[in-house]
Amino acid sequence: MRLVVSGLFRLVSSRFFRCAYRSVLALVLCYCVPAFSNGAGDNPDQQAARIVVEHWPPWEIADDEKRQQVTRGYAIEIIAELFSRMSIPLEFQYAPWRRALQLIKTGEVDLLPMVAENQTRAAYMVFTVPVYRDPILLAYSLDTYKHFSWQHWADLSGYEIRAVRGYHYGDNWRDAVQEYGLTVSESATDEQNLKMLDQGRVELTPLLYSNGVSLLKGHGYERIRFAEKPVFTTVLRFGISKKSFLVKRLPEINIHLNTMKRDGTFKRILGALYRPRLRDKH
């Protein structure tokens with residue numbers, strides 16, 4: 001890169017060569033900047049924040065066939081705006097959920113979007129102020145039950161429930177599984193669980209409401225409904241590896257996130273999912 005720019009610089013001695021220089025330099029920079037980067041800041045020595053993502057609509061969306069090139073989604077927009085304000089460039093890296101947690105633990109990436117705080121994760125992550133609060137609801141198929149409701153954990157005994165490995169459904173959920181012997185098996189993704197639910201292979205699956213609505217719409221599952229009572233209302237945050245340079249900037253990150261809630265940025269990005277009560281809660 002330095003050799004290319006140095007060679008071009010020697011040619012800048014006339015108006016013609018100045019124009020040629022600008023055109024070629026712009027082309028060189030386009031190829032040198034990572035394909036999935038916000039490009040924040042003009043300092044080439046600025047350390048980039050490495051963000052680990054996967055296809056998890058509506059927060060992180062991959063449109064490619066293999067669902068590994070996340071390029072849009074509400075969380076992506078919030079992160080892009082946040083780090084643009086901090087003049088920190090971004091690098092996005094794909095990894096499935098359990099692998100993403102391991103990458104955060106080892107410090108190979110800096111930030112994991114839309115993660116719930118718990119004691120286990122707190123051993124290797126620090127967490128931002130809340131980004132979004134979302135209920136986890138039990139989904140069921142109308143082909144299996146005309147209506148499903150529950151009030152107490154004991155009511156869930158005897159049902160075939162399918163969860164996702166590594167997901168946090170709340171401490172009460174974990175305790176209830178043990179205390180009432182709930183029949184819970186696990187898959188790698190919510191998509192797998194919804195497919196099994198639609199096929200009648202399981203009876204219930206817990207889903208974050210925002211994510212669940214997006215998945216149902218995207219896959220055309222018209223016969224799946226949600227029970228009204230939440231399993232848990234989760235507080236989604238950005239999780240930062242304790243080995244990341246971003247730890248020292250956590251107070252600044254929180255200030256910017258809260259400012260974005262007040263100045264209308266969250267409302268603009270989230271649209272119908274926007275919940276004003278997030279503004280004043282920490």
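Colleague: What is the orientation of α3 and α9 to each other?

Modeller: Happy to. This is a predicted model, in which local features need pLDDT of at least 70 and side-chain atom pairs count only at pLDDT 80 or more, while totals for chains, interfaces and linings use all residues. Residues are numbered from 1 along each chain as its sequence is written, and side-chain values use heavy atoms, with hydrogens and water left out.

Now to your pair. Helix α3 covers residues 74–85 and helix α9 residues 250–262 (helices are DSSP runs of H or I with at least four residues, strands are runs of E with at least two, and both are numbered from the N terminus). Their axes come within 10 Å and cross at roughly 120° (axes are lines fitted to C-alpha atoms over the stretch in contact, with angles from 0 to 180 degrees between N-to-C directions). The two helices are therefore oblique to each other (under 35 degrees is roughly parallel, over 145 roughly antiparallel, 65 to 115 roughly perpendicular, and the rest oblique). The crossing of α3 past α9 is right-handed (the near helix is turned clockwise from the far one by less than a right angle).

On the α3 side, the contact (heavy atoms within 4.5 Å) is made by I78, E81, L82 and R85. From α9 come I253, H256, L257, T259 and M260. Sorted by type, the residues of this contact are five nonpolar, two polar and two charged (Ala, Val, Leu, Ile, Met, Phe, Trp, Tyr, Cys and Pro are nonpolar, Asp, Glu, Lys and Arg charged, and the others, Gly among them, polar).

Next, the loops. S87 lies in the one between α3 and β4 (90–94). Its phi is near 55°, a positive value in a residue other than glycine. With 37% relative accessibility, S87 is partly exposed (buried is under 20% relative accessible area, exposed over 50%, partly exposed in between, using a 1.4 Å probe and protein chains only).

R67, in the loop between β2 and β3 (70–72), also has a positive phi, about 60°, without being a glycine. R67 is partly exposed too, at 38%.

P58 belongs to the loop between β1 (49–53) and β2 (61–62), and a cis peptide bond with omega of about 5° joins P57 to P58.

Finally, H168 sits in the loop between β8 (160–164) and α6 (171–179). H168 counts as buried, at 17% relative accessibility. Apart from neighbours within four places in sequence, H168 touches A116, E117, N118, R121, I136 and F232.
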